[in-house]
Amino acid sequence: MSAEKYYVKRSGKLYGPFTVEKLANCINQEIFTEKDQVSANQLQWESARDFLKTAKSVSTSSPVPGRLTAESVRPTASASAHWEAPQPKMKFDYQENSEYELIKKLKESLNVFNIFAVIAGVGCGVITLLSVFSADLKDYTVLGMFVLMEFAAALLMFIFGFIILHRSWQSIPEGEGRATPGKAVGFLFIPFFNLYWIFIAYYGLALDLNEQWRRNGMGGNVINDGGILTMVILFLCVGFLGNLFWGYLFFWTFLGQLAFFYSLIVSLAGGALRLSIAKNGGNQ
């Protein structure tokens, strides 16, 4: 049996890997069609039809009765010229490439996160400027509207930030990280304990990303873990100042925390994306 593995690309999604026998079986059962692309190295692609025409036999001896081989489903010379791909009639019995799906989901989450980050940052700046001149305002209707908009945008920004953090932890293979994705995010909501856990959730992820990067044969680091540690410390310090000077400096410190949170999430997601792309053979 051939040890070479094949991947199938359909509508921008990657499936596999398959052995020659398994992939030939899927094509024979009309799970894949002529429109699907097949590749062993994910660089050069051919149609499923061409794969069947050129695939070698998965067995060098006589096929075992009942066993499907690539040769047994190859179209004949007369039929191949008029071969039409049938539509799938069965549900897919394979799993999508996990790294490919993770890359896609991380990019989608980052796009939404950036939108709310911009709205929250601008809103916080406007509120800060209005509060400076609040003595000249006859009412606080405008200020109140901006405050509501700011907190709504900031809440959504934090929600998507935690979603991205969870997905970034998913780039670490199960059992090889210092925390699971659910545990990494969930423990951040435990009062007081989260002052310690924030270092595990963010700085620990940076360390694990670098470890995975080296395990996969890449030199150096995929992310600056020292910079992540610095941002975590500054995030906590700015939050402490905001609680200490609740009235006068609150929105300034809140804006600072938004900036550090944004930097942490984008940096860690960037590291997770680079790692997943490298593990997926450079495909995005």
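1. Strand 1 (6–10) and strand 2 (13–18) pair in the antiparallel sense, over four bridges. Pairing here takes at least two DSSP bridges between two strands. Arg-10 has Lys-13 in strand 2 as its bridge partner. Strands are DSSP runs of E with at least two residues, helices are runs of H or I with at least four, and both are numbered from the N terminus.

2. This is a predicted model: local features need pLDDT of at least 70, side-chain atom pairs count only at pLDDT 80 or more, and totals for chains, interfaces and linings use all residues. Residues are numbered from 1 along each chain as its sequence is written, and side-chain values use heavy atoms, with hydrogens and water left out.

3. Strand 1 also runs antiparallel to strand 3, joined by three bridges. Lys-9 stands opposite Gln-37 in strand 3. Strand 1 is mostly covered, with four of its five residues buried. Buried means under 20% relative accessible area, exposed means over 50%, and partly exposed lies in between (1.4 Å probe, protein chains only).

4. Helix 1 (residues 20–28) has buried residues, including Val-20, Leu-23 and Ile-27. What covers them includes strand 1, strand 2, strand 3 (37–39) and helix 2 (48–54).

5. Which residues touch the most other members of the largest nonpolar core? They are Leu-165, Tyr-202 and Ile-228, in a core of 47 residues. Helix 4, helix 5, helix 6 (181–186), helix 7 (194–215), helix 8 (225–244) and helix 9 (250–279) each give two or more residues to this core. Helix 9 gives the largest share, eleven residues. Apart from this core lies another, of 15 residues, among them Val-8, Tyr-15, Ile-31 and Leu-52. A nonpolar core is a set of buried Ala, Val, Leu, Ile, Met, Phe, Trp, Tyr and Cys residues joined through side-chain atoms within 4.5 Å.

6. Leu-165 is in contact (heavy atoms within 4.5 Å) with residues including Val-185, Tyr-202 and Leu-268, leaving aside neighbours within four places in sequence.

7. Is Leu-106 buried or exposed? Leu-106 is buried, because its relative accessible area is 0%. Leu-106 is found in helix 4 (residues 98–132). Leaving aside neighbours within four places in sequence, its contacts include Ile-164, Ala-269 and Leu-273. Leu-106 and Leu-165 are 59 residues apart in sequence and 9.3 Å apart in space, C-alpha to C-alpha.

8. Ile-159 lies in helix 5 (residues 141–169). Ile-159 counts as partly exposed because its relative accessibility is 40%.
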